[in-house]
Amino acid sequence: MTPAQRSLRARVAAHTSWANTSDRGARTSKARQAAMDRFEKLVDPDGVLPLEERQQRAASARTAHYLKMAAASAAARRAKSRKS
């Protein structure tokens, strides 16, 4: 099977799975919590901050992370379009 065929098969399987998922939020809740836990440990590795402060800082760290990713993606798209 070619890489393109494998990719198509995986995409069909993923969409079929999501089509049969009644509670999308519940399905992804553990992953979202793990991601937030990662950002909380990043901003407060020793766990000394009050919960509310740690959560606010973690939310800011998460936003910064995704903004950096968006900037890198935009730069890559710009570089790719220049080559064309």
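Author: Exposed means over 50% relative accessible area. Keep that cut-off in mind for this predicted model.

Reader: Is R11 buried or exposed?

Author: R11 has 53% relative accessibility, so the residue counts as exposed. R11 belongs to helix α1, residues 3-19.

Reader: How far apart are R11 and S84 in space?

Author: The C-alpha atoms of R11 and S84 are 28 Å apart. In sequence, 73 residues separate the two.

Reader: Which residues of α2 and α3 meet?

Author: From α2 come M36, R38, F39, E40, L42 and V43. They meet R54, Q55, R57, A58, A61, R62 and H65 of α3.

Reader: What about D44? Is D44 buried or exposed?

Author: Buried means under 20%. D44 has 5% relative accessibility, so D44 counts as buried. D44 sits in the loop between α2 and α3. Leaving aside residues up to four places away in sequence, D44 touches L49 and R54.

Reader: Now the rings. How many aromatic pairs does the structure hold?

Author: In general, a pair of aromatic rings is described by the distance of the centres and the angle of the planes. In this structure there are zero aromatic pairs.

Reader: Which residues lie over the faces of W18 and F39?

Author: R27 lies over the face of W18, 3.9 Å from the ring centre. R38 lies over the face of F39, at 4.8 Å from the ring centre.

How values were computed
Residues are numbered from 1 along each chain as its sequence is written. This is a predicted model: local features need pLDDT of at least 70, side-chain atom pairs count only at pLDDT 80 or more; totals for chains, interfaces and linings use all residues. Side-chain values use heavy atoms; hydrogens and water are left out. Rings of Phe, Tyr and Trp (its six-membered ring) pair if their centres lie within 6.5 Å; planes under 30 degrees apart count as stacked, over 60 as edge-to-face and the rest as tilted. A charge sits over a ring if NZ of Lys or CZ of Arg is within 6 Å of the ring centre and within 35 degrees of the ring normal. Contact means heavy atoms within 4.5 Å. Helices (H or I, at least four residues) and strands (E, at least two) are DSSP runs, numbered from the N terminus. Buried means under 20% relative accessible area, exposed over 50%, partly exposed in between (1.4 Å probe, protein chains only).
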